[in-house]
Amino acid sequence: MTAPISESWTRIEGWLAGRAPATRTALAPPADPADIAEVERLVGRPLLRPLVQSLLRHDGLLDQRSWLLPGSYRPLSARETAAEWRLLTGFYDKRAADEEGEEEVVHHFMKTGISSALYGHPQLIPIARDIRGGCLVLDHRPGTDRGRVHEVEAVEGVMRGSHEMWTSLPVLMERIATSLETGESLDGHTPVVDEEHRLSWDFAPLR
């Protein structure tokens with residue numbers, strides 16, 4: 001059974017305090033509930049509870065040089081989520097998606113694990129960003145993938161990862177906590193601490 005996201009945060013905070021204090025210091029204080037409400041107003045739907053719980057624990061990172069998630073992703077604040085959502089949804093081609101058909105889009109995505117038609121979909125809510133401009137999004141669409149985390153890039157589109165850590169935000173945070181505590185690789189990503197006491201992740205593709 002997956003641990004509550006608050007429990008995973010406690011484990012992550014404890015590890016960072018002892019091993020990567022610069023990243024621990026960079027964790028922002030809790031989000032203002034008004035900022036979360038504004039995101040929900042903007043996207044036109046309630047945010048999934050794990051995302052709200054995570055934002056109410058830490059509203060992103062204060063240090064733009066710090067990364068917390070595998071793949072060098074930096075969690076977004078509620079305000080950054082709103083800004084990123086506006087940017088991404090501006091690229092959504094609803095007409096093309098409608099012409100292809102929702103069922104066909106979903107079938108293709110589930111079969112191939114990649115979709116350009118879903119790029120910028122308004123129910124894929126950005127939750128993290130990397131230095132290259134890629135994002136992690138939390139799937140708010142009804143159906144099988146609701147609550148799942150996907151990677152998004154402008155060239156590839158939306159990518160549905162096969163590793164279990166992408167199953168949900170609570171699963172992702174729990175797997176991160178375990179990887180930090182054990183030093184074991186997480187889908188090829190291994191936690192390391194740099195000379196400035198910041199967490200980063202080395203990547204070696206799995207064979």
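α6 (94–100) and α7 (102–112) each give at least two residues to the lining of the largest pocket. Keep in mind that this is a predicted model.

User: How do you know which element gives the most to the lining of the largest pocket?

Analyst: Count the lining residues by element. α7 comes out with the most, at four residues. The whole lining has 16 residues, and those closest to the pocket's centre are E102, V106, L118, H121 and R141. The space in this pocket is about 350 Å³.

User: What makes up the lining of the largest pocket by class?

Analyst: Seven of its residues are nonpolar, four are polar and five are charged.

User: How many cavities of 30 Å³ or more are there, and what is the volume of the largest?

Analyst: The structure holds one of that size. The largest cavity has a volume of about 150 Å³. A cavity is a space where a 1.4 Å probe fits but cannot get out. A pocket, by contrast, is an open set of points.

User: What lines the largest cavity?

Analyst: There are 14 lining residues, and W9, S54, P75, I127 and L169 lie nearest the centre. α4, β3 and α8 each supply at least two residues of that lining. α4 gives the most, with three. By class, eleven lining residues are nonpolar, three are polar and none are charged.

User: Why is D145 called buried?

Analyst: Buried means under 20% relative accessible area. D145 has 5% relative accessibility, so D145 counts as buried. D145 sits in the loop between β4 and β5. Leaving out residues up to four places away in sequence, D145 touches F109, M110, D139, H150 and R160.

User: What makes β3 mostly covered?

Analyst: Count its buried residues. Six of the seven residues in β3 are buried.

User: What counts as a nonpolar core, and how many residues has the largest one?

Analyst: The residues must be buried and of the listed nonpolar types, and they must be joined through side-chain atoms within 4.5 Å. The largest such core has 41 residues. I12, L47, L68 and I176 have the most contacts inside that core. Elements that each supply at least two of its residues include α1 (5–19), α5 (78–89) and β8 (199–203). α8 gives the most to this core, with six residues. Apart from this core lies another, of eleven residues, among them L88, V105, V137 and V158.

User: Which residues does L68 touch?

Analyst: Contact means heavy atoms within 4.5 Å. Not counting residues up to four places away in sequence, the partners of L68 are W9, I12, L16, T23, L27, L61, Y73, P75, L199 and W201.

User: How do you know that β3 and β4 pair?

Analyst: Two strands pair if at least two bridges are found between them. β3 and β4 have five, in the antiparallel sense.

User: Why are β1 and β2 said to stand at the edges?

Analyst: Look at the strand order first. The open sheet has six strands, in the order β1-β3-β4-β5-β6-β2, with antiparallel pairing. β1 (73–75) and β2 (114–115) each have a single partner strand, so one side of each is left without a neighbour in the sheet.

User: What about β7 and β8: how many bridges join them?

Analyst: Five bridges join β7 (residues 189–193) to β8, and the strands run antiparallel. The required number is at least two, so they pair. P191 has W201 in β8 as its bridge partner. The hairpin of β7 and β8 has five residues between the strands, and H197 takes a positive phi near 65°.

Terms used
Residues numbered from 1 in each chain as written. Predicted model: local features only at pLDDT ≥ 70, side-chain atom pairs only at ≥ 80, totals over all residues. Heavy atoms only, no water. 1 Å grid on protein atoms, 1.4 Å probe; cavity = no way out; pocket = protein on both sides within 12 Å on 5 of 7 lines; lining within 4 Å. Points joined across faces, edges and corners; volume = space filled by probe spheres on them. Nonpolar A, V, L, I, M, F, W, Y, C, P; charged D, E, K, R; others polar. Buried < 20%, exposed > 50% of the residue type's maximum accessible area, 1.4 Å probe, protein only.
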